Each structure stands twice: as structure tokens, then as C-alpha cells.
Amino acid sequence: HTSWPRLLETVMLLLLSCSLSLLQQPRPPLGLGLRPALLCGRRVAIVMAADEAAAQRAEQADRAAAALAQLPPGLYNRVSFQSGGMKQAYAEEECLVLWEALKACYPTEADALAAVDKNSMTVNPSMNSPSKITETHALLVERFGAGKASEIIMQNPGILTCTAAAVAAQSDDEILGVTALVAKVDENKGKARLLVLGGLLS
């Protein structure tokens, strides 16, 4: 019979041998097992970001189409032309807000359209704001009365692109003088167009 000390020694030797063999086996580089998971996570994040961006573009397109449907035909094209065709986020919606504010200042929609024809910066989001339109118009009504204020903004729609504070700093004579000047320039433009047209037809 094998003695207990001898048997214990044999078992210890076997365990030591197994441990050494495990230590001698090649080990994969640290973190190698995590790389596929990390790559997968990155791919998922990229796909999710792309989906979110596509959803935002689709939402913007829908909102732009809804705003354009409420604007008079061709009005936004003039604003886009002024900005060199550069696309601005939610510009159609902002243009619609400006148009509604401007339209409220004029007796009829036709009068408001005529004002845009004279000065399309009135509905350009990069040039104007609803507060300029409403506050400046209110100031003109307060100082000149509704009738004269309407005449001023008909002849000089550009005054509605100025802040109320800037207009308030001008005297009544200065405001009326600038209005008369703008009206004269527009009148001369009309005459010049007629002269050019007459020259082409002659």
C-alpha cells in the first residue's frame, strides 16, 4: 500500500504540472474579445444617427411643404433668390410667419402682395422679423393715424424692416420725406421700364 504522504506528494506534483501547462499556453491580446462588441456598438450608433438625421430631414421637408402651401404662389421664390438659393432650416415657416404679420398691416392681401413686390425683404427671414413689422406699424399708427400710416407703408414697405426704436428716433418730417423719396424712385423705375420697353418695340 502507498503511504499517505507519498500519495499526497503525487497529487501535488500533478496539480503543479497542470498549472504550469496552463501558464505556458498562448493568451490572446488584452481586449481582443471586446473588439467585436465595440465595433458592433459603433455600427449601431452610426445607423441610429443616420436614421435620426433622415427623420429630421423628412420632418423639415413636410413642414416646408405645408408652409409653402399657405404662401401666395411665387412669393417664397423671391425670398430664396435674395439669399442666393442657400437653404436655411425652417425658412419657409419663418417666411409664412412674416407674411401673416405683414398682411395684417395692410387693408387687403393684394395691397400686402404689392408691398412685397416693392420690397421682398419684408418677408425675408434673414432680413426681417415679426416684431419689426408689428411694432413699427403700431408706432406709425400711433404717430400718424391709421390712414396715413397705411399710406406710408404702401409707398415705403421697407420701413417695416426697421426696428420701432430706429423709426421712433426720426421726426415726422424725416419719415414722410423718406417715404416721398422712395415713392419717387419707384415712379422713376416705372418710367424707365416704359422707356426701355418702348425702345425695344420701336
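1. Contact here means that heavy atoms lie within 4.5 Å. The model under review is predicted. Leaving aside neighbours within four places in sequence, Glu93 is in contact with Arg63 and Ala67. Glu93 and Arg63 are 30 residues apart in sequence, and their C-alpha atoms are 7.3 Å apart in space.

2. Glu93 belongs to helix H4, which covers residues 91-103. Its relative accessible area is 23%, so Glu93 is classed as partly exposed, given that buried means under 20% and exposed over 50%.

3. The geometry of H4 agrees with expectation: at 1.5 Å a residue, its 13 residues should span 18 Å, and the end C-alpha atoms are 18 Å apart. The buried residues of H4 are Ala91, Glu92, Cys95, Leu96, Leu98, Trp99, Ala101 and Leu102.

4. On the cysteines, Cys95 counts as buried because its relative accessibility is 0%. Cys162, at 30% relative accessibility, counts as partly exposed. A search of the whole structure finds zero disulfides.

5. Helix H6 comprises residues 130-144; at 1.5 Å a residue, these 15 residues should span 21 Å, which agrees with the 21 Å between its end C-alpha atoms. Within H6, Ile133, Thr136, His137, Leu139, Leu140 and Phe144 are buried. Viewed down the axis of H6, the buried residues fall within an arc of 160° and therefore line one face of the helix.

Notes
Residues are numbered from 1 along each chain as its sequence is written. This is a predicted model: local features need pLDDT of at least 70, side-chain atom pairs count only at pLDDT 80 or more; totals for chains, interfaces and linings use all residues. Side-chain values use heavy atoms; hydrogens and water are left out. Helices (H or I, at least four residues) and strands (E, at least two) are DSSP runs, numbered from the N terminus. Buried means under 20% relative accessible area, exposed over 50%, partly exposed in between (1.4 Å probe, protein chains only). A disulfide is a pair of cysteine sulfur atoms within 2.5 Å. The expected span of a helix is 1.5 Å times one less than its number of residues. The arc is that of the directions from the helix axis to the C-beta atoms.
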